[in-house]
Amino acid sequence: MTQPQAIYLKDYKKPEFTIRSVSLEFELFEEFTRVNSTLEIEKIDLHAKDLVLDSIDLELEEMWLNDLQLTPSRYRYEEEKLTVANVPQNFLLRITNIIYPQNNTELEGLYKSGTIFCTQNEPEGFRRITPYIDRPDVMSVFTVTISADTKKYPVLLSNGNKNTACQIEEGRHSVTWYDPHPKPSYLFALVAGNLGSISDRFTTMEGREVELNIYCDKGNESKCAHAMESLKKSMLWDEKVYGRAYDLDIYNIVAVDSFNMGAMENKGLNIFNSHYVLADSDVATDADFMGIESVIAHEYFHNWTGNRITCRDWFQLTLKEGLTVFRDQCFSADMHSWHVQRIKDVKMLRERQFVEDASPTAHPIQPESYISMNNFYTATVYEKGAEVIRMIHTLLGAERFRAASDLYFETFDGQAVTTKDFLWAMSHAGGENLEQFERWYCQSGTPKLKVQESFADGKYTLKLRQIVPHAIDGTKQLPYYFPLKIGLLDQEGKEILETVLVVSQEHEEFVFEGFASSPIVSLNRDFSAPIIVEQENTAYPFLMRHDRNGFVRYESAQSFAVATLEQLIKTGEVDPLFVENYGYLLDLDTDLSYKALLLELPSATTLSQRMEVIDFEPIYDALERLQHALACRYEAKLQMLYENCHMPKNNSIDAESMGERALKNRVLRILSALKSEAVLERAKKQYEESLSMSDRITALDILENGSAALSAVAMADFYAKYKHDTLVMNKYLSILAASEREGVLDRVRALQNDPVYDVKVPNLVRSLIGVFARNFKHFHAKDGLGYKFVAQKILEIDAINAQMGSALCNAFKLYEKMNPHNKALMKIELQKVIAHEGLSKNSYEIVSKILKKHP
C-alpha cells in the first residue's frame, strides 16, 4: 500500500484563484443527482496558468469556460484533482456532474439519511458534490436552486434566505435560496425530505424578525420543543454577553439520524445529529436535555465565531472550535450551576484530552501536519482549545476580554483568519503581552506544576516548577505562560486572600508576608490552567471541609479518593480516614447536583493515567472494594438520602428535580456494590415506577451488572417499548456494551444481528462497538479477544465510513503504556489493521502513530 502523504502548515500558500459567486442547481432523483454549477472565478496570482479544482468520485457530463465547451484535451482529471489548462484572469466556469447520494456511506458531501437528502461538508466534503476550490480561505456568495419530487420531498432547504418557490413540471417543484454572506464551501448545506417541523420567532436587538424552524422526521415534532427554547436562549445570551445579533431572516435546524458528528453550523441551515435535537420526558435523560441545550448553543454561536469569521486553513480549526466551546461552556454555566458546569467541563477534558495528550496521537491545539483532517476534530482542538481561551479570559478579565472580542469581530468580519489574528486582537485591546502565551497553540502534552511550600518568620513561600513534556518527536518544549488562581486559608478554614499568579518560568517563587501561622493553600482554583498539579504536603480533608471554591473542594475529594485507591492497589488496605471524611460529604448541605459530583469516585481512566504501566484488573478490583466499603459503612445513610430524593413520578427538568435525581442515582450506584437482593429490588422498582428516563437508565445499568435474570426481564421490557425509537435503542445498546458481567463480548457480537442495529448508522456504531471499546475491563481482557474483535470491526467499518473507522482506532491509544502482556496482544491486532490493503488514510494515520515507537 502506498503510504498516504502528510500536509504541513509550513507549506500553506494563498489560493491562486478565488470564486466571487456560485450558482448551484441540484436536480434530485432517486437513482442519481445532477449538479449544475456556475462559478465566477478571478485569478489572484497572475502567474498562474492552470485552475486546479478538488474533486472526488464525480462523473463529469460537461464543462464550459465562458462560451467554450471544454474537451478532454483542455482538462485532466486525476488523483482527486480536476485541472483546467490556460484559463484567463476572469471567467465563468460551468460544470455539470452526476453523483449518487444514495450510495454514499462515507456521509460526507451529499448523502441520504433514511429518506432525507442532506449534506456534511466540513472539512472537505464539498469536493464530493461538485469540482471546487475546496478550502476555507476561498469565500463566495451562494445562490442555490433545488428541484425534486413534490410528494417525496416537499421541504427543500439551503443556506440563507428563501428567494423563490415554484412548480416546474408535473410532480416536481423547485426552491431557490440566496445567502448574501460570503462563505467557504464547507458551510454549504442542502436538505430535502418529507419532514415535520415546529416554528417560532425571535426579534434581535437590532429589530430583525427572525423565523425559527426545526425540522425532523414526521411524528417527532413534539420532541423539538426543548431545542427551540435552547435556541432562543442562545440568541438572547449572545446579544447580552457578546453583543452579537443574528444576521438572516431565517434560522433553520434539521435533525437527521445518520451523521458523523454532533452537529454542523452551516450558515442559516444547521444540520444536527438527531441525538442533539430530539427529546421529551419519556425518552431523554437529564444529560440528554443538557447536551441538547449546549450543542444548540454551540452551533448558533458559530454564526460569529466560525461563519462570519472563519479559518484561513484547517490548521486553524481551534480558532473557531476552541473559542466556540468556551462560549457554549459559559452559556451553560449561566443557565445552570457555575461550579457544576465547570467540574463537568474539567472531567471531560481529563477523561478525553489528557488521555490524548499522553498518547502517541498527542498534538498541539494547532497541529503542524495531518494526513486526514477528519482525525483532528479532537478533544485537544476543542476542549483544550477552550481552556486556552479561558486562560486568556482570566488574564484579561471579563471587561477587557469583551473589548478584545469586539475588536476581533470588527476587524476580521467576513474574513478567513488565523489564531495569530485572534491573539493580536486579545493582546491589542486587552493590554496583555501574549507572545509567550502563544506556546499553548504550538506545543503538545499536559504540563505539570510541582509545588513546594515553606513557612518561616511570618512569610509563606510557594515554590513552583514547570515540568513540560517533550513533543511526540522528542523535541524539548519551553515553559508556558498561564494564570494560576490560588487562595490562602487560615487554620480554621477562613479565607485570607484569593489572587491570580502569572506563571511563566520553569522555576518561580512567590512570597506572602504577615502571617501568624502557616496558611493552607488552595491551588488552581476554578481549574484556571489545564495542568497537572503535584503537591507534596496535601490537605485534602481540610479543603474538602473548608474551601469555599467549589472546584477545589471537588478536586480535594477526588484527589483524596485517588490516593486512597492507589494505596488500596498497593497494600490491599482501605484508608479509614477517607471513609470517615466521605461521611462528611454525605451530610453536607449543598446543591444536590454538586453533592452528587462530590460523592463520585474517580474513574478507571483517571487511575490508569497515573500509572507508568497500565493494568486495569487491579484498578477495577480497587474501585469495587472501596465502593463496597463505603456502602457497608454508610448503608443506612445512603438509603435515607435515596428515599429523601426519590420522586418516581417527577420527570421535570428544573434544577431541583435534576439535582434530586443526580444524587439519588449516585447513592443507588454506591449501594449496588453490596450486591444485595434488597438493592436489586430497589433498582427493579425504580425502573418500573419512575417516569424519568434518567432513573430508568440508571436502574437498568445496575440490574445489568448485578443480575443476569433481572436484567433479562427488564431489558426485554425496555426493548419492547422503545424498539422503534433509534435514539432510545442507542441507550439500550450502550448499557449492554458497557456491562461488567462476564460474557459481554459474546452479547455484543450477537447484538450486531439485532434488527435495531445498522452498521451504517454512526450513532448505533458508537453505542455498541464504541462503548465496548471503552469498556476497559473487557476490551483489555487478558485473552486479547476484545482487541481482536474491535480490530475486525475497524476494518469492516473503515470500508464503509472511514471517519467512523478511524474513530475506533483511538481505542488502542493506550498501547504504549500497557503492561507487556496486553501490549503484545494489542500489537498483533494493530499490525493486522495497518497491513490491510485498502485501509483508509484516516485509519492509517491513527494506527501508524500508535505503532511509531514500536514498529
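Predicted model: local features only at pLDDT ≥ 70, side-chain atom pairs only at ≥ 80, totals over all residues.
Leaving out residues up to four places away in sequence, Thr361 touches Glu356, Lys813, Ile846, Lys849 and Ile850. Is Thr361 buried or exposed? Its relative accessible area is 6%, and buried means under 20%, so Thr361 counts as buried. Its side chain also has a polar contact, at 2.8 Å, with the side chain of Ser359. Across the chain, Thr361 and Ile472 are 111 residues apart in sequence, yet 8.0 Å separates their C-alpha atoms in space.

Now let us step back to the whole protein. It has 27 helices and 31 strands. Its C-alpha atoms fill a box of roughly 85 × 65 × 60 Å along the principal axes. For 855 residues, a compact globule would have a radius of gyration near 29 Å, and the protein agrees with that at 28 Å. Of those 855 residues, 59% count as buried. Among contacts between residues at least 6 apart in sequence, 70% join residues at least 24 apart.

What lies inside? The largest nonpolar core has 152 residues, and those with the most contacts inside it are Phe26, Leu51, Leu93, Tyr408, Phe437, Phe482 and Leu484. Helix α5 (residues 379–396) gives the most to this core, with nine residues. Another core, of 114 residues, lies apart from the largest one and includes Leu598, Val667, Leu668 and Tyr815.

Five strands form an open sheet with mixed pairing, in the order β17-β18-β19-β21-β20. Which strands stand at the edges? They are β17 (195–203) and β20 (263–264); each has a single partner strand, so one side of each is left without a neighbour in the sheet. The partner of β17 is joined to it by nine bridges: this is β18 (residues 209–217), running antiparallel to β17. Within that pairing, Arg201 has Glu211 of β18 as its bridge partner.

Two helices accompany this sheet. Helix α1 (residues 225–242) packs on it, touching β17, β18 and β19 (250–256), and its direction makes about 25° with that of β17. Helix α2 (residues 286–301) lies across β19, β20 and β21 (269–273), and runs at about 150° to β21.

Elsewhere, β8 (residues 81–84) is paired with both β4 and β7. In general, the strands of a sheet pair through backbone hydrogen bonds, either parallel or antiparallel.

| β17 (195–203) and β18 (209–217) | nine bridges | antiparallel |

Asp54 has Lys81 in β8 as its bridge partner, while Arg76 stands opposite Thr83 in β8. The hairpin of β7 and β8 has two residues between its strands, and there Glu79 takes a positive phi near 50°.

Definitions and conventions: Residues numbered from 1 in each chain as written. Heavy atoms only, no water. Core = buried A, V, L, I, M, F, W, Y, C linked by side-chain atoms within 4.5 Å. Buried < 20%, exposed > 50% of the residue type's maximum accessible area, 1.4 Å probe, protein only. Helix = DSSP H or I, 4+ residues; strand = E, 2+ residues; numbered from the N terminus. Pairing = 2+ DSSP bridges. Contact = heavy atoms within 4.5 Å. Axes fitted to C-alpha atoms, helices over the stretch in contact; angles between N-to-C directions. Polar contact = N/O pair within 3.5 Å; in protein donor to acceptor, adjacent residues only side chain to side chain. Rg over C-alpha atoms; globule rule 2.2 N^0.38 Å.
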